[in-house]
Amino acid sequence: MGGTYMETTGELQEWDYSDKVLGLFGQSHMEYEVDRDTEQGGQPSLTEMTRQAINRMKRSDNGFILMIEGGRIDHAHHANRAKMALEETIELENAVKAALEMTEREDTLIIVTADHGHAVTMSGYPERGNPILGFVKNIERGNFVNNTENQAQPYTTIGYANGPGFDFHFDKNIGFWKDIEAEDYMSNDFVQMSTFYLDSETHGGEDVSAYAIGPQAHLVTGVHEQSYLAHMVAYAACVRKDTLSCPAGMISSGAKNSLHLQLPIIVFGMVLAAS
């Protein structure tokens, strides 16, 4: 069958788009964005992979459906590592920006959504301008927790209902939480507080958001079952004409129909912290 196999950023950049390709850039999961090797022999970023995928897809005479996932957002939340989850979300945003720059609004549908949320929340009453990864401690307003010696201690702005962060923060010798003011809470390795211990934090049960721009984006409104998006994409691309029909004005024969069948669709998947 032939094709190109690649393992590094350099190989991805040198790819000439001339044949089928399989890129396996890690032995297991990709590295977190802040940890990955950015040299030619390392792993490409999500943005770099997005650009190359679109470059290849645009060479085809037909339309395409491209799925791009920021999967390590989910892994970071499971580990109660909020900073890493946010860093991965920023990289996903960069990939979305790249897709917007490389496509035209009138002929490309772009959807950004998630398959689930996580048991994470943002506690109220931090000081204005306080970093989201920081903590809350305001003696005058009573925004703090009292330790076993009746002294005020802060709590993290971001916290989890469950996960490994409990053991990181709860001191079993004194039966209370450690004072996070002495911790490097802005570190990539910092683990947020959780209410009770689990090896891996759970998913959440809240609704998640879906954003869209381009042809048929008006259909991504209101509240829907998750499976709706798959049917909506099939309808927008006119690939299930027999069961879903096609958008108005695009089902007749001729040039208009031909153009619509070439509709590029890019779906970005992520895991939301909360919605």
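Predicted model: local features only at pLDDT ≥ 70, side-chain atom pairs only at ≥ 80, totals over all residues.
How many residues apart in helix 4 are Lys83 and Glu87? They are four residues apart, so about one helical turn separates them.

**Salt bridges**

The side chains of Lys83 and Glu87 meet in a salt bridge, with N and O 2.8 Å apart. Lys83 is buried, because its relative accessible area of 13% falls under 20%. Glu87 is partly exposed, at 24% relative accessibility.

The count of salt bridges comes to six. Another of them joins Glu33 to Arg36, where the closest N and O atoms are 2.9 Å apart. Glu33 is partly exposed, with a relative accessible area of 21%. Arg36 is buried, at 13%.

A further salt bridge links the side chains of Arg51 and Glu101, at 2.9 Å from N to O. Arg51 lies in helix 2 and Glu101 in helix 4, which spans residues 82-102, so this pair ties together parts that are 50 residues apart in sequence. Arg51 is partly exposed, at 32% relative accessibility. Glu101 is exposed, because its relative accessible area of 59% is over 50%.

| Salt bridge | N to O distance |
|---|---|
| Lys83 and Glu87 | 2.8 Å |
| Glu33 and Arg36 | 2.9 Å |
| Arg51 and Glu101 | 2.9 Å |

**The largest pocket**

Helix 2 holds Arg51. Helix 2 also gives the most to the lining of the largest pocket, with five residues. The volume of this pocket is about 430 Å³. Its lining is made of 18 residues. Nearest the centre of the pocket lie Gly23, Phe25, Met49, Thr50 and Ala53.

Which elements each supply at least two residues of the lining? They are strand 2 (21-23), helix 2 (46-57) and strand 3 (65-69). By kind, the lining residues divide into 14 nonpolar, three polar and one charged.

Tyr5, Leu22 and Leu24 make a nonpolar surface patch of about 300 Å². Leu24 sits in the loop between strand 2 and helix 2. Those two elements also contribute to the lining of the largest pocket. Is Leu24 buried or partly exposed? Leu24 is partly exposed, with a relative accessible area of 44%. A patch residue needs over 30% relative accessible area, so Leu24, at 44%, passes that cut-off.

Definitions and conventions
Residues numbered from 1 in each chain as written. Heavy atoms only, no water. 1 Å grid on protein atoms, 1.4 Å probe; cavity = no way out; pocket = protein on both sides within 12 Å on 5 of 7 lines; lining within 4 Å. Points joined across faces, edges and corners; volume = space filled by probe spheres on them. Nonpolar A, V, L, I, M, F, W, Y, C, P; charged D, E, K, R; others polar. Patch = residues over 30% accessible without salt bridge, like charges linked within 9 Å, V, L, I, M, F, W, Y side chains within 5 Å. Areas by Shrake-Rupley, 256 points an atom, 1.4 Å probe, with all protein chains shown as cover. Salt bridge = Lys/Arg side-chain N within 4 Å of Asp/Glu carboxyl O. Buried < 20%, exposed > 50% of the residue type's maximum accessible area, 1.4 Å probe, protein only.
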